Amino acid sequence: VWSQDVFYYLKSTVLPITVNVLDHSIEQALRSGTVADHIYDFDLDKVNLSQYKAVVFMNVYKLSDDQRKFIKEKVAADGRTLVWNYLTGYTNGQKLDVNFVKSLTGFDLKRLELNEAPEVLFLSTGDSYKFSGPVAPLYVVADDKSQTLATLPNNQEPVIAIKKFEKFSPVFCGLPLNGTDNFREIFKMAGCHIHNQKNDFTYANSGLLMLHTSTGGPRDIQLKNGGTVHFDLTEGSTILMDSQTGKVLLR
């Protein structure tokens with residue numbers, strides 16, 4: 001889920017959070033082997049949410065009261081995993097308030113003053129990534145009912161964590177989530193189907209499954225019906241296959 005309104009509330013300059021979300025996160029998420037759709041926040045109430053096991057609020061730092069209500073009642077339901085990427089809902093258009101974030105995400109948070117470029121260490125994958133400069137405001141998780149997924153290595157503060165509620169599972173990212181392996185790990189936790197483990201672009205619709213690879217090499221593609229198909233792909237190639245049988249329809 002993306003926001004256009006948010007750019008009216010950001011500085012008119014390159015920021016560490018915008019680079020790591022707009023340039024890094026989106027490409028990495030799409031290479032996770034899952035199938036994803038993109039939608040603006042103002043269209044969220046128009047889609048069939050039942051088809052999604054995870055919803056990522058990529059840069060949605062501004063939310064109206066009506067949008068918050070819809071997210072709490074309709075999106076945070078049916079066992080879905082919601083990823084709050086940085087400070088989702090930090091403003092309502094009138095003021096900045098971390099209590100907006102706490103109420104929406106379900107996490108207790110504390111502000112951290114860090115005058116250096118932060119680094120994030122994702123625990124299960126061992127992957128780490130660093131920002132281009134200091135990020136402010138920076139909030140970390142202060143919630144003993146959550147499970148830490150990533151820390152700030154210099155002080156071990158939990159910066160990405162997950163909680164389990166009866167109707168949904170929220171993942172709070174105090175710094176934007178980066179890394180294809182890290183996205184894939186969270187999508188696995190959400191129960192999303194992983195077609196491909198090799199960081200290629202994958203998409204499916206209307207009975208078709210598309211895969212584009214920049215590196216090439218052997219690939220084992222997991223079909224949603226439980227079957228597996230094997231391909232040896234060349235660099236910079238794209239294949240289109242039947243999503244049920246795995247038969248290649250176009251190379």
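The exercises below work through the fold of one predicted chain, each with a solution in steps.

The model is predicted, so local features need pLDDT of at least 70 and side-chain atom pairs count only at pLDDT 80 or more, while totals for chains, interfaces and linings use all residues. Residues are numbered from 1 along each chain as its sequence is written, and side-chain values use heavy atoms, with hydrogens and water left out.

**Exercise 1. Overall dimensions**

Compare the radius of gyration of the chain with that of a compact globule of 251 residues.

Step 1. The radius is taken over C-alpha atoms, and the globule rule is 2.2 Å times the number of residues to the power 0.38.
Step 2. For 251 residues the rule gives a value near 18 Å; the chain has 19 Å, which agrees.
Step 3. The C-alpha trace spans about 55 × 40 × 35 Å along its principal axes.
Step 4. Of the 251 residues, 49% count as buried, where buried means under 20% relative accessible area, exposed over 50% and partly exposed in between (1.4 Å probe, protein chains only).

**Exercise 2. Strand 4 and its neighbours**

Determine how strand 4 (residues 119-122) pairs with strand 5 and which way its side chains point.

Step 1. Strand 4 and strand 5 run antiparallel and are joined by three bridges.
Step 2. Glutamate 119 has lysine 130 as its bridge partner in strand 5, and leucine 121 has serine 128.
Step 3. The hairpin of these strands has five residues between them, and glycine 126 there takes a positive phi near 75 degrees.
Step 4. Strand 7 (residues 147-152) also pairs with strand 4, antiparallel and over two bridges; in strand 7, threonine 151 stands opposite leucine 121.

**Exercise 3. Two helices**

Classify the arrangement of helix 2 (residues 65-75) and helix 3 (residues 98-105) from their crossing angle.

Step 1. Axes are lines fitted to C-alpha atoms, for helices over the stretch in contact, and angles run from 0 to 180 degrees between N-to-C directions.
Step 2. The two axes come within 10 Å and cross at roughly 25 degrees.
Step 3. Angles under 35 degrees count as roughly parallel, over 145 as roughly antiparallel, 65 to 115 as roughly perpendicular and the rest as oblique; helix 2 and helix 3 are therefore roughly parallel.
Step 4. Arg68, Ile71 and Lys72 in helix 2 meet Phe100, Ser103 and Leu104 in helix 3, contact meaning heavy atoms within 4.5 Å.

**Exercise 4. Phenylalanine 172**

Describe the surroundings of phenylalanine 172.

Step 1. Phenylalanine 172 lies in strand 9 (residues 168-173).
Step 2. Its relative accessible area is 0%, so phenylalanine 172 is buried.
Step 3. Not counting residues up to four places away in sequence, phenylalanine 172 touches residues including Trp84, Val101, Phe107, Tyr139 and Ile160.

Note on methods:
Helices (H or I, at least four residues) and strands (E, at least two) are DSSP runs, numbered from the N terminus. Two strands pair if DSSP finds at least two bridges between them.
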